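Q: Could you take me through this model, starting with the aromatic rings and then the strands and cores?

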Amino acid sequence: MLAKVFSGTTVGLTATLIEVEVDIPNEGLPAFNIVGLPDKAIEESKERVRAAIKNSGADFPIARITVNLAPADLPKNGPSYDLPIALGILIASGQLTCKIDNSLFIGELSLDGSLRHTNGILPLAYLAKEKKFKSIFVPRVNEKEASVVPGVDVFPVENLLQLVRFFLGTGKIEKARKRSLKSLLRISEAEFDFSEVVGQEFVKRALEIAAAGNHNVFMKGTPGSGKTMLARALPGILPRLTEGESLEVTKIYSITGNLSDKEAIITTRPFRSPHHTTSRIGLIGGGSNISPGEVSLAHRGVLFLDEFPEFPRHVLESLRQPMEDGKVSISRAKGTVVYPAQFLLVAASNPCPCGYYGDPKRACKCMPGTILRYNQRISGPILDRIDIHIDVPSVETQKLVSDKGKGESSNEIQKRVQKARDIQIKRFKGKRIKSNSEMTTKDVKEYCPLSYECRTMMLSAAASMNLSARSYFKVVKIARTIADLEGSKEIFVKHLAEALQYRPHLDESF
């Protein structure tokens, strides 16, 4: 007898429908074969499925069992096919008679028949909606994740026995309660509040602009000047995730297994801070089974790279594509996978190996050649792709012990940032662009017209500061963000003047 059960898999962030066909003929020697390019995890599912069926009180047929995962030319991986294979065997062996054409089944089985947490449920739930399936059966621990998808009934399953009883009509599975995306979104929590940062008003202003327009930042300063503290305070002033952005981020965390069982979706902007010993694959993504790296896990959030020059040069150079295109293309013999990577890069560095070059209080012990080699670890093309460059001076002791009132809180700054980002969302409505930093050259010319005075100023600045074409347009984008923070529809000379403060001369020694 032949049974067909629908399931799915993910290739990158794209979900694909998989037909699990189970055939149990009345002839041939007992065997259990799985075909359709399965990986090791799927091959091992034979033992999990056998034990789960027996421990659920059903009979495992002693017959020739053939399972085909179609389409056969698409590589399959992961244990999510356990549930549809077990269900197919029960139907093909005549132990169950039920109509399942309008349902999708996903889940990893334990030996006792219970269902474990399974990765990639959110994109698969959207696949069920796209393919017009009426329902999707998922492990109970994945209930919240699937319940945010409208138009599909979600049935959370505890174990295989519960599912069998449901189809036999002797048991019940309550549908999951639908959850509103908008009601779940909130402001990101930060380790520090901006009011706790003493001084550094210029740096805080630069980070406010970066948060408003999603501009990359490079901070350079002596040890203890507050670079890490400022970076970790940044999530507290970021704008709220939109519903579309939240789903993008959640899909990435879902397929990598980083989504908590207690969360339905990612509700705040992610903050990722990989160590400088991270490999290229760890940062960009890849591996034998291609998976996202830190740049994709930081999508629509912050990627903080402390001790920037300490990262291997080839690792830093791999940042070029995601910083420019907002995505990562990973090619292997099996095919090419594209992951989104639209992050706000915050890089921090000391001015030299000892950290005190240029410090007014402590003398630098590094030789000139050592300082040059240290700073040359970061290539010109990478620096040119960073929008805002700021020096973080050491804080005077007098300010640290002062009893004067605190500065602006993160909440106050976040309100201004949110207003500026709302202006950008309205401006780019109908386009894939979400912030000023994502504008192409064509978009800059359309949305950032400059007056005669502004053009004259930019021509003079480009000549005196040796600005590249990329840097020229980055200055205009930053000026557009500064104007948005003021609520100005036009870009004025003062906006460009402030934006130019955040660009280094290309011939400067770092």
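Q: Which residues do ring pairs link into a cluster?
A: The cluster linked by ring pairs holds F105, F137, F155, F166 and F167. Here rings of Phe, Tyr and Trp (its six-membered ring) pair if their centres lie within 6.5 Å, with planes under 30 degrees apart counted as stacked, over 60 as edge-to-face and the rest as tilted. Please keep in mind that this is a predicted model, in which local features need pLDDT of at least 70 and side-chain atom pairs count only at pLDDT 80 or more, while totals for chains, interfaces and linings use all residues. Residues are numbered from 1 along each chain as its sequence is written, and side-chain values use heavy atoms, with hydrogens and water left out.

Q: How many aromatic pairs does the count come to?
A: By that rule, the count comes to 14 aromatic pairs. In one of them, F218 and F308, the ring centres are 5.9 Å apart and the planes are at 50 degrees, so the pair is tilted. The two residues belong to distant parts of the chain, 90 residues apart, with F218 in strand 10 and F308 in the loop between strand 14 (302-305) and helix 13 (313-317). Helices (H or I, at least four residues) and strands (E, at least two) are DSSP runs, numbered from the N terminus.

Q: And F218 and F308, buried or exposed?
A: Both F218 and F308 are buried, where buried means under 20% relative accessible area, exposed over 50% and partly exposed in between, with a 1.4 Å probe and protein chains only.

Q: Which way do the residues of strand 10 point?
A: V217, M219 and G221 point one way, F218 and K220 point the other way, and all are buried. Strand 10 covers residues 217-221 and is mostly covered, with five of its five residues buried.

Q: What does strand 10 pair with, and in which sense?
A: Strand 10 pairs with strand 17 (residues 344-349) in the parallel sense over four bridges, and five bridges join strand 10 to strand 18 (residues 388-392), again running parallel. Two strands pair if DSSP finds at least two bridges between them. V217 stands opposite V346 in strand 17 and opposite I388 in strand 18, while the bridge partner of F218 in strand 17 is A347.

Q: What about strand 17, which residues are on each side?
A: L344, V346 and A348 lie on one side and L345, A347 and S349 on the other, and all are buried. Strand 17 also pairs with strand 14 in the parallel sense over four bridges, and there V346 is the bridge partner of F304.

Q: Switching to the cores, how many residues has the largest nonpolar one?
A: The largest nonpolar core has 59 residues, and those with the most contacts inside it are L104, I136, V295, L305, F308, L319 and F343. Helix 4 (residues 121-130) gives the most to this core, with seven residues. A second, separate core of 51 residues includes A211, V217, I433 and V444. A nonpolar core is a set of buried Ala, Val, Leu, Ile, Met, Phe, Trp, Tyr and Cys residues joined through side-chain atoms within 4.5 Å.

Q: Which residues does L319 touch?
A: Not counting residues up to four places away in sequence, L319 touches L283, I284, V295, L305, F308, F343 and I382, a contact being heavy atoms within 4.5 Å.

Q: New topic: how many disulfides does a search of the whole structure find?
A: The search finds zero disulfides, a disulfide being a pair of cysteine sulfur atoms within 2.5 Å. C366 is in no disulfide, and its nearest cysteine sulfur, that of C354, is 3.6 Å away. C448 is in no disulfide either, with the nearest cysteine sulfur, that of C454, 11 Å away.

Q: Are C366 and C448 buried or exposed?
A: C366 is buried, with a relative accessible area of 18%, and C448 is buried with a value of 5%.

Q: Where do charged ends sit over rings?
A: The charged end of R362 sits over the ring of Y356, 4.2 Å from its centre, and that of R427 sits over the ring of F428, 5.6 Å from its centre. The rule asks for NZ of Lys or CZ of Arg within 6 Å of the ring centre and within 35 degrees of the ring normal.
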